[in-house]
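I opened my notebook to keep a record of what I looked up in this structure, entry by entry.

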Amino acid sequence: MNATIKFRIDGTQVVTKAGLTIMKAADNAGIYIPRLCDEKGLEPQGSCRICIVKIGGQIVASCTQPAEDGLEVENDTPEIRNYRRDLVKMLYHEGNHLCPICEASGRCELQAVSYYLGIFQPTKYPYLQPDRPVDASHRDILLNTNRCIRCGRCIRASKTLDGKNLFGYIGRGIHKQVGVNGENLANTDAKVGDAAMALETCPVGCIIQKRQGFFAPIGKRRFDLKPLGTNSVKQQKGGSEQ
Amino acid sequence: MEEKKRRLFVKQSCEKFKNSRFRLLDILWEIQNGLGGIEGPVMEQVGKLIGVSRVHVEGLVTFYAFFSDRILGKIIIRLCDDIVDQFFGLDKIIEVFSEELGIKPGQTSLDGRFSFELTPSIGMSDQAPAALINDVVFPKLTPGSVKKIIRQLKEGVPVFKVDDTCGDGNNASALIHSSVMNNIRHTGKVILSDSFLPEKGLERCLNLNPAEVIKEMKDSGLRGGGGAGFPSGLKWELARKAEAEKRHVICNADEGELGTFKDRVLLTERAPMMVEGMTIAAYAIGSSEGIIYLRAEYAYLRPWLENILEKRRDTNLLGKDILGKTGFHFDIRIQLGAGAYICGEESALICSCEGLRGEPRIRPPFPVEKGYMGQPTIVNNVETFCCAARIFEKGFDWFSNIGTDKSAGTKLLSVSGDCKKTGIYELAYGTAVADLLEMAEAHDTAIVQIGGASGEMIGRIDFNRKICFEDLATSGSVMVFNSQRNVLKIVDSFLKFFIDESCGYCTPCRVGNVFLRERIQKVMHGDANHSDLDYLRQLSNLIIKTSRCGLGNASPKPVLSSLEHFPIVYASHLHEPREGLQRQFNIQKALEESRRIAKRRSMIYDPVYYDTN
């Protein structure tokens with residue numbers, strides 16, 4: 001598996017060792033592909049579909065698709081950008097995302113990806129407005145699944161990094177959600193120090209550490225300082241909506 | 001049940017399957033049947049016993065429709081609510097059930113005796129409306145028969161004794177004993193013909209080497225009968241070539257496509273042929289273990305199938321050194337599903353066999369490389385295995401001469417809806433829709449849905465099109481609708497099905513289908529304008545292109561297909577908005593919640609109310 005392969009992303013040549021996913025190879029080459037369900041250190045699962053790219057006319061998730069020699073990958077094209085925007089909008093409309101009053105505002109990846117893709121206003125889709133009860137049972141952690149985007153990062157972090165299995169998917173279809181390993185969070189051995197509870201693990205404001213909201217002023221929040229996609233070699237723009 | 005007894009029962013249920021987490025589906029079936037439901041403490045206990053987390057168990061219980069996290073009644077009535085049932089008087093049947101039982105769909109009676117639920121696609125569209133009561137099928141329901149059934153159940157008559165009539169063929173055998181009818185209307189050359197000589201094909205195979213078997217399979221031109229049409233011989237070859245210690249043969253008997261019921265008839269009448277085909281496949285790819293994944297709706301066929309497997313073990317058609325072939329060992333177990341359409345998808349089906357939620361896997365790797373338990377696996381349809389047995393009996397060239405160039409052989413079509421002769425038609429590929437309609441004595445047909453909800457919806461102008469992979473590919477479902485039927489109602493019903501059956505894994509399928517249905521209903525209510533049709537097309541395209549598996553790739557098909565073939569129906573529902581007004585906006589509806597919270601009515605929008613109070 002030590003062989004090197006060459007392929008192109010939007011015409012830019014990428015040289016990488018074999019056996020990586022397209023996303024990994026792009027990351028190593030400094031090319032940004034937007035994502036939500038994928039995070040460094042966790043197994044990719046290809047569920048949010050934001051990281052889709054086109055190869056040979058076929059649309060695939062770049063976080064799970066192996067990079068192969070000679071591939072022509074379309075990443076930052078109008079078609080793909082439009083799909084990504086619509087998928088991000090779907091996530092907004094599926095849950096309750098009220099940025100101005102959300103503790104995660106400014107460090108929320110859903111919000112940051114939206115800005116990257118040029119989404120700044122309400123969209124064409126209907127709001128589903130879920131009304132699931134908030135789990136505030138735990139002393140230090142609050143769970144508001146109405147903001148959950150089903151990325152499953154907490155599930156994987158708890159399993160692989162903490163070895164705890166605190167979370168898991170329950171239900172199916174539009175009722176699929178993240179469930180807790182017990183009657184409620186207080187009945188589990190969840191701790192603030194868990195990787196699953198880290199501020200960076202939940203990309204939205206679903207897992208919240210109590211007494212930890214609004215700690216950075218506007219202008220100094222995580223993505224105010226460094227918007228998504230800014231450390232890529234080629235300064236990319238997700239573009240703005242027509 | 002008191003707690004101590006319950007805990008013991010759960011413990012025994014897990015032990016029955018060696019406390020193996022890979023058999024979680026079977027364990028949960030045991031508990032569901034024994035306790036009537038799987039509640040939190042039981043999930044916790046099961047998890048501890050088999051070494052998984054409680055939320056993992058909850059994940060399965062809440063994924064599969066036949067499991068419940070609350071205790072259901074002793075008698076569970078699952079009434080099929082497909083579009084065909086709807087068109088054949090479902091509303092009235094629901095009403096009678098509700099009246100007789102005193103509960104609505106989704107409820108359990110206070111005395112804990114009855115639960116009443118609606119369920120999709122129980123595989124009885126040719127004898128709709130139909131219901132499952134526990135495992136027993138009650139076809140052709142009428143208000144009168146429902147009253148009689150409930151009266152008997154209330155008197156304490158056991159469910160299997162309520163309806164003492166028997167269907168035709170093996171339905172009347174002691175092990176099935178069901179009032180389901182086969183409704184075989186046309187027997188073709190390959191599968192339903194009487195000329196089949198059992199075990200001839202298997203015997204011939206065992207005299208060939210596996211590579212020769214695969215070559216003949218490829219040369220026969222057989223393509224998968226589940227609808228996707230992947231060349232079966234190629235699938236076998238890929239599995240054989242993949243390096244591994246063990247390989248697996250799985251028979252997909254989970255037909256869940258709306259309007260299909262061919263596998264029901266095959267399992268009833270051609271199960272030995274199917275098992276013979278599986279055995280041939282096992283020999284070809286080098287497998288010693290097989291699974292029949294049987295959908296929960298067909299649980300009534302399980303004793304029958306178990307008996308067939310047992311008989312084959314007794315006659316050395318399964319087991320060690322089959323038919324004297326040294327070193328060829330193969331046996332089969334039955335895995336009962338638990339109510340999930342998505343498990344018809346091969347990688348989801350494999351997950352389900354491993355005791356997981358039935359969610360499609362990331363590909364690559366494909367099941368032929370890494371399938372069941374991480375080993376190379378072929379998953380083929382019931383019909384495909386039947387064809388395989390026949391191909392080796394009669395020769396690949398005999399088979400490839402039937403049908404068309406790219407679609408060899410025959411296809412079993414499940415015909416339901418507005419025609420006199422609903423049932424099974426085995427016809428050579430290439431038969432025109434119009435010919436089928438004539439055979440089925442369908443008059444005044446306006447709409448034909450080919451291939452179930454994920455198939456094509458065609459109108460009169462296309463009735464000369466042919467059923468084959470080159471033209472109208474199909475899993476075998478053919479739903480016939482006359483000119484009185486509402487296209488949009490059909491589309492809406494299909495979308496509801498996809499929303500309920502989406503596994504929810506990826507964003508476009510989980511959310512997109514909900515949005516599609518919202519907009520179709522807007523059209524139905526006469527609140528849509530032209531821009532809504534563009535929205536429907538765009539959204540459909542997004543779901544098809546970006547979804548992760550076949551379900552999402554197909555779920556917008558009813559919308560696109562009806563837009564293409566029945567544009568006038570849509571046009572007649574559209575209304576252009578008055579300047580500056582949103583037609584779907586209803587001020588009274590929008591005010592409802594505010595009124596409730598404020599506990600008073602609006603002076604501006606309810607002037608009449610103020611006048612009279």
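**Entry 1: a helix and what it packs against**

I began with helix H3 (residues 40–50) of chain B, where I found B:Gly40, B:Val42, B:Met43, B:Gln45, B:Val46, B:Gly47 and B:Ile50 to be buried. Buried means under 20% relative accessible area, exposed means over 50%, and partly exposed lies in between, computed with a 1.4 Å probe on protein chains only. Helices (H or I, at least four residues) and strands (E, at least two) are DSSP runs, numbered from the N terminus. The buried residues of H3(B) pack against helix H1 (3–16), helix H2 (24–35) and helix H4 (54–61) of chain B, where contact means heavy atoms within 4.5 Å. After H3(B) comes B:Gly51, which has a positive phi near 80°.

I noted how the model is to be read: it is predicted, local features need pLDDT of at least 70, side-chain atom pairs count only at pLDDT 80 or more, and totals for chains, interfaces and linings use all residues. Residues are numbered from 1 along each chain as its sequence is written, chains are lettered from A and ligands numbered from 1 in the order in which they are written, and side-chain values use heavy atoms, with hydrogens and water left out.

**Entry 2: the sheet in chain B**

In what order do the five strands of the open sheet in chain B stand? I read the order as E2-E3-E1-E4-E5, with mixed pairing; two strands pair if DSSP finds at least two bridges between them. Strand E2 (107–108) and strand E5 (136–138) of chain B are at the edges with a single partner strand each, so each has one side without a neighbour in the sheet.

I then followed the pairs of strands. E1(B) and E3(B) are parallel and share six bridges, and B:Ile75 has B:Phe114 in E3(B) as its bridge partner. E2(B) and E3(B) run antiparallel and are joined by two bridges, with B:Thr108 paired to B:Ser115 in E3(B). In the hairpin of these two strands, which has five residues between them, B:Gly112 takes a positive phi near 75°. Strand E4 (residues 131–133) of chain B is antiparallel to E5(B), with three bridges between them, and B:Ile133 stands opposite B:Val136.

Helix H6 (residues 90–101) of chain B packs on this sheet and touches strand E1 (75–80) and strand E3 (114–119) of chain B; its direction makes about 165° with that of E1(B). Such an angle is taken between N-to-C directions and runs from 0 to 180 degrees, the axes being lines fitted to C-alpha atoms, for helices over the stretch in contact. Five of the six residues of E3(B) are buried, and this strand is mostly covered.

**Entry 3: aromatic rings**

How many aromatic pairs does a search of the whole structure find over all chains? The search gives 15. Rings of Phe, Tyr and Trp (its six-membered ring) pair if their centres lie within 6.5 Å, and planes under 30 degrees apart count as stacked, over 60 as edge-to-face and the rest as tilted. One of these pairs is B:Tyr64 with B:Phe67, edge-to-face at 6.0 Å centre to centre and 75° between the planes. B:Tyr64 is buried at 1% relative accessibility, and B:Phe67 is buried as well, at 5%.

I also looked up B:Tyr283 and B:Phe328, whose ring centres are 5.3 Å apart with planes at 70°, so this pair is edge-to-face. B:Tyr283 lies in helix H13 (residues 271–285) of chain B and B:Phe328 in the loop between helix H14 (302–314) and strand E9 (331–336) of chain B, so the pair ties together parts that are 45 residues apart in sequence.

B:Trp29, B:Phe63, B:Tyr64, B:Phe66 and B:Phe67 form one aromatic cluster. The charged end of B:Arg78 sits over the ring of B:Phe66, 4.0 Å from its centre; for this, NZ of Lys or CZ of Arg must be within 6 Å of the ring centre and within 35 degrees of the ring normal.

**Entry 4: backbone details**

Cis peptide bonds join B:Arg363 to B:Pro364, with omega about -10°, and B:Pro364 to B:Pro365, with omega about 0°. B:Asn134 is not a glycine, yet has a positive phi of about 50°; B:Asn134 lies in the loop between E4 and E5 of chain B.
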